[in-house]
Amino acid sequence: MGSILNKLKSSAPRLDFYKHKHGDCANFNNGTCKAAHFTNINPKETACPHFKHKQTA
Ligand code: SF4
């Protein structure tokens, strides 16, 4: 059972987007969103459902 829960968690990382900020998103680029074409985004405000984790590798 535990492994099923872990699989669900890892396959649905976007459910916790509200814990993140635009500034931590891979689509955020100097105040502009590459995914949603928003401009003048405050990097300290809560992320949207399209939030994507930055790849550090
Ligand atoms: S995808 Fe969403 S969270 Fe990421 S920068 Fe664009 S608006 Fe912000």
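**Exercise 1.** Sort the residues of the shell around the ligand into nonpolar, polar and charged.

*Solution.* Start with the classes: Ala, Val, Leu, Ile, Met, Phe, Trp, Tyr, Cys and Pro count as nonpolar, Asp, Glu, Lys and Arg as charged, and the others, Gly among them, as polar. Next, list the shell, where a residue belongs if one of its heavy atoms lies within 4 Å of the ligand. The ligand is surrounded by His22, Cys25, Asn27, Phe28, Cys33, Phe38, Ala47, Cys48 and His50. The tally is six nonpolar, three polar and no charged.

The model is predicted: local features need pLDDT of at least 70, side-chain atom pairs count only at pLDDT 80 or more, and totals for chains, interfaces and linings use all residues. Residues are numbered from 1 along each chain as its sequence is written, and side-chain values use heavy atoms, with hydrogens and water left out.

**Exercise 2.** Give the order of the elements from the N terminus on.

*Solution.* Count them: one helix and two strands. Both are DSSP runs, helices being H or I with at least four residues and strands E with at least two, numbered from the N terminus. The order is α-β-β.

**Exercise 3.** Place Lys19 in the chain, then decide: is Lys19 buried or exposed?

*Solution.* Lys19 lies in the loop between α1 (2-11) and β1 (28-29). Buried means under 20% relative accessible area, exposed over 50%, partly exposed in between (1.4 Å probe, protein chains only). Lys19 has 57% relative accessibility, so Lys19 counts as exposed.

Methods: Near = heavy atom within 4 Å.
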